[in-house]
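Subject: Structure handover

Hello,

Please find the structure below. My notes on it follow.

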Amino acid sequence: MGNPKSFLTIARQEAGYRPLNDRLHDYGEVEQTLNTHDRQRQASRCMDCGVPFCHWGCPLGNKPPEWNDAVYRGDWQEAYRLLTATNDFPEFTGRICPAPCEKACVLHLTGRGATTIRENECAIAERAFLEGYVQTKIPERNGLKIAVVGSGPAGLAAANRLNQEGFSVTVFERNEAPGGLLRYGIPNFKLNKAVIDRRIAFMEAEGITFRYNEHIDLQALPSGFDAYVVCTGTPMARDLPVPGRELRGIHFALDLLAQQNRILEGIEVPKSELISAKGKKVLVIGGGDTGSDCIGTANRHGCESVLQIEIMPRPAEHQDTATSWPYWPTVLKTTSSHEEGCSRRWLVNTNRFIGNEKGEVIGAEIEEIAWTTPNDGTRPEMIRTGRTEVIDCDLVLLAMGFLPNRLPELPDNVFVAGDASMGQSLVVRAIADGRKVAKDVAKFLLKG
């Protein structure tokens, strides 16, 4: 490393968010960026670790020490080369990844504040596009054709790797545009969709064909391909089957998020199907990132209030000794959306929804709960306390995750990647699995 002692004199500096009163009036990306000088100073904090755990913590096996050193030295082109050796889409992960690499950073584990790996990654990607380091590479074709079903992060990664290996790749997407969860599940204020379009344009220039509005039956796959990669994600949201679930005004989180992203693309939504939080008391059920995205969207709609409830206990404010490295740290996460205005409650279960004479939701009965703490390895069980209350709400958003995918039995030349294979997971893991499955496909087809 250029300066292996910078971590002793330079503190962690995050770029932070745009001013609250500014960002609440649009859907532009909320995260700011540092200037080049400060970004290089942050990169210099990456130590010359004997055993850099960030390699292991990243599902892609990224090598932050190598490209952080290149950033510190001002060699942005080399940094991009090192970064894209393991990550096909750093402009995506640099914006939306929860950065398991930072949780594994030695600086984080010693209480000095992790290197700003995720922000550095995004800065490298944007510098590469700005200065023209991202170049199309059209490989020599090997005569074999691959169909990729689904254009989410796993499908895009598999398509990109297979294309570079010389296969002719066609990507089938059931929606009107590519990206899957990236486009229809993540708000624009976290990932501007022009970032996706920019990458797709490069992939098309490199020879990948995208076909939209095509729903593929996995038991009747399109003919003419030597192998198939199924990347259909986990399309079935986890429901809440309690009395009153049928009332109007109760929606899955992705119904709101996908609709809002389509509206921002200029797609008209019939008034009868429009989900609006304007002037409403919003209840978000589920404490994860999707629930947080609903809060940010509801605030931009101009809601009266937002309450987010979670069935699990409130996490610790700081590092929890019960989940120390290498386990994922269970700590309280406050996002930009939480800062924009909401109330949060934990250890709350929803018993039923309450409606009016028009069949519209007007409230929810919730109950305080507790959990058992078994020592025999069995799962904790919920304990009802009987302490119930009714909260007012006229828009309910269910953000409780997704059910595992159930796929039919598939032929030997059909491979499954991403959430369709693993279940609900991170974008970075989906990209990693797409890369892995691309290698499996190449090995299968080129074994002779």
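The notes cover aromatic pairs, charges over rings, and cavities.

This is a predicted model, in which local features need pLDDT of at least 70 and side-chain atom pairs count only at pLDDT 80 or more, while totals for chains, interfaces and linings use all residues. Residues are numbered from 1 along each chain as its sequence is written, and side-chain values use heavy atoms, with hydrogens and water left out.

Aromatic pairs

Searching the whole structure gives 6 aromatic pairs. Rings of Phe, Tyr and Trp (its six-membered ring) pair if their centres lie within 6.5 Å; planes under 30 degrees apart are stacked, over 60 edge-to-face, and the rest tilted. One of the pairs is Phe129 with Phe202, edge-to-face, at 5.7 Å centre to centre and 65° between the planes. This pair links distant parts of the chain, 73 residues apart: Phe129 belongs to helix H10 (residues 117-131) and Phe202 to helix H13 (residues 193-205). Helices here are DSSP runs (H or I, at least four residues), numbered from the N terminus. Phe129 is buried at 15% relative accessible area, whereas Phe202, at 21%, is partly exposed. The cut-offs are under 20% for buried and over 50% for exposed, with partly exposed in between (1.4 Å probe, protein chains only).

Phe225 and Tyr228 also form an edge-to-face pair, with 6.0 Å between centres and 65° between the planes. Phe225 is buried at 16% relative accessibility, and Tyr228 is buried at 7%. Ring pairs join these two residues and Phe172 into a cluster.

Charges over rings

The charged end of Arg245 sits over the ring of Phe252, 5.2 Å from the ring centre. Arg314 lies over the face of Trp346, 5.1 Å from the ring centre. The criterion is NZ of Lys or CZ of Arg within 6 Å of the ring centre and within 35 degrees of the ring normal.

Cavities

The whole structure has 3 cavities of 30 Å³ or more. A cavity is a set of points, on a 1 Å grid over the protein atoms alone, where a 1.4 Å probe fits but cannot get out; lining residues have an atom within 4 Å of a point. The largest cavity has a volume of about 80 Å³, the volume being the space filled by probe spheres set on the points. Its lining has 13 residues, of which Asn62, Cys97, Cys101, Glu121 and Val428 lie nearest the centre. Helices H8 (100-104) and H10 are the elements that give two or more residues to this lining.

Regards

Methods. 1 Å grid on protein atoms, 1.4 Å probe; cavity = no way out; pocket = protein on both sides within 12 Å on 5 of 7 lines; lining within 4 Å.
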